[in-house]
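The points below begin with strand pairing and end with the nonpolar cores.

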Amino acid sequence: MIRPNFYSHSGLDRVSHLRKEDTWLEARLQDPRTRVVPVWRAQNLFHPLANAGAPAVPLMPSAAAAGHLLNGAALVVLLGMAEDVAHIALDISHLEDPAVAIASTGHEGEFADLRRHGPLLERQAGAILAYARGILHWHARHRFCGIYSFETRSAQAGHVRICVNPGCMAQHFPRTDPAVIMLVTDGERCLLGRQAVWMPGMHSTLAGFVEPGESFEEAVAREVFEETGIRVWNVRYHSSQPWPFPASIMIGFHAQAETTRIDVDRSELEDAQWFERSRLLESPEDETFRLPRRDSIARRLIESWLGRD
Ligand SMILES: [Zn+2]
């Protein structure tokens, strides 16, 4: 099997048959072994960094330590079970000072954006943090039903929101936005683009959201053409990656160029160019040229094509 991408394969069993039962969830909340994954305003919790070079370690207090946080939380979502231990995401965004709340559990910790530590995290832990962040973001953005704008409430351990309007009662299930991401190649060279907001020198694969009525393969061809004027063929699936920054799943492809003349859409990209394989293999990783982040599927698609994966 292909090696999993960052932020996937949390190792949690999502127990969809059990989480529908309120009594089962209540028992997990009372179980002192249960681990709590707090999220504060889209940030995850880490042990304090001992020194700048040390890899970050996620902090997941036990339910025994975090009981009062569980009781006061705005939202509790069951993530799943790992070796009979429940993992529960907890939204504490309503708190002004989350450090005080964490100190009250007997721990020291700091909240930070997952992307700051992602590439250095132990893979399963990174996937659990990404899952917690992603599903709490979905809840935050679905507090109201889109039909008559009544409020929704969380049910089934946070895996559905139900409209409170008795005449509606629509069920809304967690969603993730599919986006295609693709490395286009032409023999010994590949097509990379650059957005003005990126870190200086960074070049990456093209990407874009899938639109209704479109297959992934069609979305790949359309996005490449819109952004660079290049036509592609032989679109081949590589792998996928949850990317909860804030709400995507990236579906990764390799594609071959059918045409090679670049016509950059400047509203989307600052630049796009063909890069020789040798240039990428010798990337200086500085402001003159660098490859995308190590935890991204973009990097994976490139490394796979370079034969370094
Ligand atoms: Zn409704």
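Strand E2, residues 43-46, pairs with E5 in the antiparallel sense over three bridges, and within this pairing Leu 45 stands opposite Phe 111 in E5. The model is a predicted one, and the points that follow should be read with that in mind.

- E2 and E5 belong to an open sheet of five strands, whose order is E3-E4-E1-E2-E5 and whose pairing is mixed.
- E3 and strand E5 (110-112) stand at the edges of this sheet with a single partner strand each, so one side of each has no neighbour in the sheet.
- From one strand to the next, the twist averages 30°.
- Helix H1, residues 22-30, packs on the sheet by touching E3 and strand E4 (85-91), and the direction of H1 makes about 85° with that of E3.
- H5 also packs on the sheet, where H5 touches E1, E2, E3 and E4, and its direction makes about 150° with that of E3.

**Strand E13 and its partners**

- Which strand runs parallel to E13, and how many bridges join the two? The strand is E9, which is joined to E13 by nine bridges.
- Strand E12, residues 232-243, pairs with E13 in the antiparallel sense, likewise over nine bridges, and a hairpin of four residues joins E12 to E13.
- Phe 253 in E13 has a residue opposite it in both pairings, namely Met 182 and Tyr 237.
- Eight of the 10 residues of strand E13 (residues 248-257) are buried, and the strand is therefore largely enclosed by the rest of the structure.

**The nonpolar cores**

- In soluble globular proteins, nonpolar side chains tend to be buried together.
- The largest nonpolar core here has 40 residues, and those with the most contacts inside it are Leu 79, Leu 114, Leu 192 and Leu 280.
- The elements that give two or more residues to this core are strands E1 (35-40), E3 (75-82), E9 (177-186) and E10 (189-194), together with helices H5 (123-140) and H8 (297-306).
- H5 provides the largest share of this core, with seven residues.
- Beyond its neighbours within four places in sequence, Leu 192 is in contact with a set of residues that includes Leu 183, Phe 275, Leu 280, Phe 289 and Ile 302, and also His 203, Ser 204, Thr 205, Asp 271 and Gln 273.
- A second, separate core has 23 residues, among them Leu 69, Leu 70, Leu 78 and Ile 102.

Terms used:
Residues are numbered from 1 along each chain as its sequence is written. This is a predicted model: local features need pLDDT of at least 70, side-chain atom pairs count only at pLDDT 80 or more; totals for chains, interfaces and linings use all residues. Side-chain values use heavy atoms; hydrogens and water are left out. A nonpolar core is a set of buried Ala, Val, Leu, Ile, Met, Phe, Trp, Tyr and Cys residues joined through side-chain atoms within 4.5 Å. Buried means under 20% relative accessible area, exposed over 50%, partly exposed in between (1.4 Å probe, protein chains only). Contact means heavy atoms within 4.5 Å. Two strands pair if DSSP finds at least two bridges between them. Axes are lines fitted to C-alpha atoms, for helices over the stretch in contact, and angles run from 0 to 180 degrees between N-to-C directions.
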